[in-house]
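Hi,

Here is the structure I promised to pass on. Please have a look at it, and then read on for what turned up.

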Amino acid sequence: MARNVSPGRKIGTTVLAWFVGLVIFFPILWTFLTSFKTELQAISIPPVFVGFDWTLENYQTIQTQSNYLHFMMNSIYLSLGSTALGLIVAVPAAWAMAFSPTKRTKDVLLWMLSTKMLPAVGVLIPVYLMFIRFGLLDSRLGLIVVLFLINLPIIVWMLYTYFKEIPGEILEAARMDGANLRKEITQVLAPMAVPGIASTVLLNVILSWNEAFWTLNLTTSNAAPLTAFIASFSSPQGNFYAKLSAASMLAIAPILIVGWFSQKQLVRGLTFGAVK
Amino acid sequence: MATLHTKNAARAMMAPAVIVLLIWMIVPLAMTLYFSTLNYTLYNPFSTPFVGFENYSYFLNDPTFLAALANTLVLVLGVLAITVGGGILIALLLDQDFYGVNIVRLLVIAPFFVMPTVAALVWKNMMMNPVYGVIGQFLQALGIAPIDWMTDVPLLSIVIIVAWQWLPFATLILLTALQSLSMDQKEAAEMDGAGALSIFWYITLPHMSRAITVVILIQTIFLLSIYAEILVTTQGGPGSQSTNITYLVAQQATSYGDIGAASAGGIVAVILANIVAIFLVRLIGKNLDA
């Protein structure tokens, strides 16, 4: 990349790249703009781009009429709850696989990966019936467990690839200096593992926040997160573009920001370490 | 270094993850397999006689199944073609030196973080609506009659929406692979008089081939399970023109209450996904040794 390109070519590339970027980003940009229009301006022909009276009315209506905060809190509970549960179970497992690997470690890892490939519809029916039986339908607890289970393989894998990069010599050096297991973990390894764990948390929060098969099938209102909240706008009566836009922006803004900060880790997590 | 003590400790540390995943994989799957042999509906859940393979023959002979299978293939292959082809081109573009490269990268990656229900509804209403949608108005300004996307070309509409969501993923991964290509190799080829096209064909593309394979396999896993995008846009219609296997199975259970047929469909979906999964696991397993 350090090559010198002619200024003319650089400007040409700039124009083309910005054009492509804006075309791809356009639906989000348009949603953002529409969310500040009145319903009438939102469907005006021809469409208005920025020359309208900006209003926050839609955002207020979304909260007062459809209790946006309730769904938002559910999304937060579900994504943080399933991530916390995932870390508790995955950190020790990934740790053991990275630092005390056996002949079977690779098989275990690949087997875990294969569970991720089980299509959700293959297990939807029993899970649905069990949820009814145990009164878990439309409960946060039930969904937290399901989201935890579907993302567990990704968490283990991601942590494993990060832990694997912590040099084993450091561990041996600490042992030579007489560090016990507790010290080994708290003073030597933990500080080195924190960045990897943080990236894993970010990716898992993104995946749980946007998960839309289980959350749509296992909730009605009580435990329904933002995915289900937005889906309720699909009815014909819900064709209020400005309000739909405001609700959409509220639903995607937090994760868009988190996502922008974690794009590098995303590649690694989603390819199970196959592309770094 | 691995004493018996640490080995046992390691086993204990792995146990919870292995056990919960084992239960999660085996119990529901065994139940699905069992239900698939019963005449089991939610309307009469107390009488569930054993019917053998009847659900399978019902599900597989249902004309909707063949339509759904075809739609699933079109959906997966269509989205793959757009995202891999587009992803390579955009990755090559973003690998260049230009002004605002970091901002453009953020713009391109953004759709991946948009939840499926939002992506689908924004496209359905604000982009593709024949009267108020941006695309329709744009076409009209050019003098082309707008079409009703969701009714006229429902499957294509869903392909476009899903491709928009996955294009950033493909781009990001291919760009990551592209950036690990050493400059020396390219420069050496240039000095030998190779043109841009042959550099791409003989050096860049082979270098990206692994990443391309990974993109194809991982996306296929997710694309086989497309659900929310269909639910909030066409609901599988008109007729079954945009029903895929996942949507069909979920519909059998939640709308028709036919647990037996839905379970048989679920098993069919598992078998289809496994065919892809075998390749993916092998590929990643190979990488694990390296």
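Which helix gives the most to the lining of the largest cavity? α7(A) does, with five residues. Helices here are DSSP runs (H or I, at least four residues), numbered from the N terminus.

Before the rest, a word on conventions. This is a predicted model, with local features needing pLDDT of at least 70 and side-chain atom pairs counted only at pLDDT 80 or more, while totals for chains, interfaces and linings use all residues. Residues are numbered from 1 along each chain as its sequence is written, chains are lettered from A and ligands numbered from 1 in the order in which they are written, and side-chain values use heavy atoms, without hydrogens and water.

On the cavities: searching the whole structure gives seven of 30 Å³ or more. A cavity is a set of points on a 1 Å grid over the protein atoms alone where a 1.4 Å probe fits but cannot get out, and lining residues have an atom within 4 Å of a point. Points are joined across faces, edges and corners, and the volume is the space filled by probe spheres set on them. The largest cavity holds about 850 Å³. Its lining has 37 residues, with K116(A), E211(A), A212(A), F222(B) and S225(B) nearest the centre. Helices of chain A and of chain B supply at least two lining residues each, among them α9 (181–210) of chain A and α10 (196–223) of chain B. By class, the lining has 29 nonpolar, five polar and three charged residues (Ala, Val, Leu, Ile, Met, Phe, Trp, Tyr, Cys and Pro count as nonpolar, Asp, Glu, Lys and Arg as charged, the others, Gly among them, as polar).

Now the interface. Contact (heavy atoms within 4.5 Å) takes in 105 residues from chain A and 96 from chain B. W24(B), F113(B) and M115(B) lose the most area to chain A on the chain B side, together 9% of what that side buries; buried area is the accessible area (1.4 Å probe) that two parts lose on being put together, summed over both. For the two chains that comes to about 9,100 Å², 79% of it on carbon and sulfur atoms.

There is one salt bridge between the chains (a side-chain nitrogen of Lys or Arg within 4 Å of a carboxyl oxygen of Asp or Glu). K10(A) and D97(B) form a salt bridge at 3.6 Å, N to O. K10(A) sits in helix α1 (residues 7–34) of chain A and D97(B) in the loop between α3 (63–94) and α4 (101–109) of chain B, so the pair joins two chains.

Best wishes

Technical notes: On a 1 Å grid over the protein atoms alone, a cavity is a set of points where a 1.4 Å probe fits but cannot get out, and a pocket is an open set with protein on both sides within 12 Å along at least five of seven lines; lining residues have an atom within 4 Å of a point.
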